[in-house]
Amino acid sequence: MNKRKVSVEKYSTDWKKKFDEEAILLQKIFGLEIQMIHHIGSTSVNGLSAKPIIDMMPVVRDITKIDAYNEAMIAIGYEPKGENGLSGRRYFQKGGDNRTHHVHIYELGNGEIERHLAFRDFLRVQPVIAKKYGDLKKALAEQFPYDIDAYINGKEKLAKDIEQQAIHWFSRRT
């Protein structure tokens, strides 16, 4: 069992502010390497209940240069996790057991970028689906407050279903 509590909260307008503040810090560290920084995940969807952890997705020119910034990221409280199971990504966590931010860095052109943006943008225009997803997350957090694996497994099927719809919707838009 994990000592980290799974906590899902009502949407907060503070989440955008926290994203904006952190984006400035990341821009200072990575400078011209960063092409853009996207706010992704549930905290980026207005009205969606979420774990209060800000997911950020900087898009960079060259992913191979990112490891050189690990010390600078450590200096502002991040733990570098390398690819952390996803080839072509660099992942950082901030806050230890009381996480505040996750940074998922991808190189321009990586297919994961579109997947994350499709999921976010689809939920932004589908409030009924977003509410269903948020309600499930709240129920799972109450049912499994100290079991992050059970929480993740419990929302996996719905998240995958939403992702499939989102990718289909996104591809028709562009």
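This is a predicted model: local features need pLDDT of at least 70, side-chain atom pairs count only at pLDDT 80 or more; totals for chains, interfaces and linings use all residues.
Student: Let's start with the helices. What describes two packed helices?

Tutor: Two packed helices are described by the angle between their axes and the distance between those axes. Take helix H3 (residues 111-125) and helix H4 (residues 127-143): their axes come within 5 Å and cross at roughly 110°. Angles from 65 to 115 degrees count as roughly perpendicular, and that makes H3 roughly perpendicular to H4.

Student: Which residues of H3 and H4 make the contact?

Tutor: On the H3 side they are Phe119, Phe122, Leu123 and Val125, and on the H4 side Pro127, Ile129, Ala130 and Tyr133. Sorted by class, this H3 with H4 contact has eight nonpolar residues, no polar ones and no charged ones.

Student: And how do H3 and H5 pack, at what angle and with their axes how far apart?

Tutor: H3 and helix H5 (residues 148-173) pack at about 95°, and their axes are 8 Å apart. These two helices are therefore roughly perpendicular to each other. From H3, the contact residues include Glu114, Arg115, Phe119 and Phe122, while those from H5 include Ala159, Glu163, Trp169 and Phe170. By class, the H3 with H5 contact divides into 12 nonpolar, one polar and five charged residues.

Student: Are H4 and H5 roughly parallel or roughly antiparallel to each other?

Tutor: Look at the angle, which is about 170°, with the axes of H4 and H5 9 Å apart. Angles over 145 degrees count as roughly antiparallel, so H4 and H5 are roughly antiparallel to each other. Among the contact residues are Ile129, Tyr133 and Leu136 of H4, and Tyr151, Leu158 and Ala159 of H5. The classes here are nine nonpolar, two polar and three charged.

Student: Ala159 keeps coming up. Is Ala159 buried or exposed?

Tutor: Ala159, which has its place in helix H5, has a relative accessible area of 16% and is buried. Leaving aside neighbours within four places in sequence, Ala159 is in contact with Phe119 and Tyr133. Ala159 and Phe119 are 40 residues apart along the chain, yet 9.0 Å separates their C-alpha atoms.

Student: Now the rings. How many aromatic pairs does a search of the whole structure find?

Tutor: The search finds six. One of them joins Tyr11 and Trp15: the ring centres are 5.5 Å apart and the planes stand at 85°, so this pair is edge-to-face. As for accessibility, Tyr11 counts as partly exposed at 25%, whereas Trp15 is buried at 2%.

Student: What about Trp169 and Phe170, is their pair stacked, edge-to-face or tilted?

Tutor: Tilted, with 6.4 Å from centre to centre and 50° between the planes. Trp169 and Phe170 are both buried. Ring pairs also bring Phe122 into a cluster with Trp169 and Phe170.

Student: What surrounds Tyr91?

Tutor: Tyr91 lies in strand S4 and is buried, with a relative accessible area of 6%. Beyond neighbours within four places in sequence, the contacts of Tyr91 include Glu79, Pro80, Asn84, His102 and His104.

Student: Let's finish with the backbone. What should I know about phi in general?

Tutor: Most residues other than glycine have a negative phi. Asn84 has a positive value instead, near 50°. This residue lies in the loop between strand S3 (78-80) and strand S4 (89-94), and at 40% relative accessibility Asn84 counts as partly exposed.

Student: And Thr13, is that residue buried or exposed?

Tutor: Exposed, with a relative accessible area of 64%. Thr13 is found in the segment before helix H1 (14-30). Its C-alpha atom is separated by 9.7 Å from that of Ser44, 31 residues apart along the chain.

Technical notes
Residues are numbered from 1 along each chain as its sequence is written. Side-chain values use heavy atoms; hydrogens and water are left out. Rings of Phe, Tyr and Trp (its six-membered ring) pair if their centres lie within 6.5 Å; planes under 30 degrees apart count as stacked, over 60 as edge-to-face and the rest as tilted. Buried means under 20% relative accessible area, exposed over 50%, partly exposed in between (1.4 Å probe, protein chains only). Axes are lines fitted to C-alpha atoms, for helices over the stretch in contact, and angles run from 0 to 180 degrees between N-to-C directions. Helices (H or I, at least four residues) and strands (E, at least two) are DSSP runs, numbered from the N terminus. Angles under 35 degrees count as roughly parallel, over 145 as roughly antiparallel, 65 to 115 as roughly perpendicular and the rest as oblique. Contact means heavy atoms within 4.5 Å. Ala, Val, Leu, Ile, Met, Phe, Trp, Tyr, Cys and Pro count as nonpolar, Asp, Glu, Lys and Arg as charged, and the others, Gly among them, as polar.
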